[in-house]
Amino acid sequence: MTGFLQSLVDGTALGAVYVLIALGCSLMHGVLRLINFAQAGVFMVGTFTGCGLLILLPAGSLAVAVPGAMVTAAILGIVIERWVYRPLRTSPSPNLFVASIGVALLIGYGGRLILGSSPREFPMLVSDLRFQSAGLDISAAQLTVIGVALLLMAMLKGVVFHTRMGLAMRAIAQNRNSAQLVGVNLNLVTAFIFALGSALAGAAGVLHASLHPVIEPLATMGPGIMGIVAAIIGGLGSLRGALAGGLLLALLKTTIAGSPGAPYGDAVAFGLLMLVLFFKPTGLFGPRSV
């Protein structure tokens, strides 16, 4: 039972990271109907931006790294939307899909070219304090990750459901053409969605590095891909699905991590993805397929 509870704690912290990535993917899918694999590259950029800021401005710590990574990732998201996806907006879906993979690979290998392939240690984001009780070991980093993720989720909910921009986002997600007819600026709202979703991925990159501090450009994209998988499992376009998919996938991975099957954690995750898509192609909380 203690091992299960420890896996639950570890999985909740990792799941908070996956949920942030999945939320961004779901927002973008609502506009382009696209699985945006470029999010994995944005996640990596957020991680290394946070690392650089912590080295340059160590006194700021959390208050510097997370906002700085979010701003950088948001700018990158706007650039990707403007120069890659907007020209292809009316193209067939396979074109957008291939473009998203191309952008992810460009960012990943570009990062390795600039930063090198040697693993490096991510600076300590929060205190290494640990709380031990009833056989459970909970770190300050885990509590920080969960707390910051909950704050960002609450802010996202406020933007989506309680602002005019959020109303425009939901209108485009329901019917793009009708939204344009009533005066919604498609280019502006789409750029905002990419900035918002990318900012969440940037924050997730810093938070994940506080849990797993050894980083390397291509390897760091791995958790970003898992966040995209979580979005698909939960159901693209569903914020509730992003939450459920992120937590479910993280709990599965942390449970496997403590077993002899640990080296096959990613394979099991993709196996779960195939299983879910086989029985419900739109994901756990996605709309019913006709």
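## Exposed aromatic pair

F279 has a relative accessible area of 63%, so F279 is exposed (exposed means over 50% relative accessible area, buried under 20%, partly exposed in between; 1.4 Å probe, protein chains only). F278 is exposed too, at 65% relative accessibility. This is a predicted model: local features need pLDDT of at least 70, side-chain atom pairs count only at pLDDT 80 or more, and totals for chains, interfaces and linings use all residues. Residues are numbered from 1 along each chain as its sequence is written, and side-chain values use heavy atoms, with hydrogens and water left out.

## Aromatic contacts

The whole structure contains three aromatic pairs (Phe, Tyr or Trp rings, the six-membered one for Trp, with centres within 6.5 Å; planes under 30 degrees apart are stacked, over 60 edge-to-face, the rest tilted). Y85 and F194 make a tilted pair, 5.4 Å centre to centre with 45° between the planes. Y85 belongs to helix α3 (residues 62-85) and F194 to helix α8 (residues 186-211), so this pair ties together parts 109 residues apart in sequence. Helices are DSSP runs of H or I, at least four residues; strands are runs of E, at least two; both are numbered from the N terminus. Both Y85 and F194 are buried. The F278 and F279 ring centres lie 5.1 Å apart with planes at 85°, so that pair is edge-to-face.

## Hairpin

Strands β2 (residues 130-133) and β3 (residues 136-139) pair in the antiparallel sense over four bridges (pairing takes at least two DSSP bridges). R130 has S139 as its bridge partner in β3. Two residues separate the strands of this hairpin, and A134 in the turn has a positive phi of about 55°.
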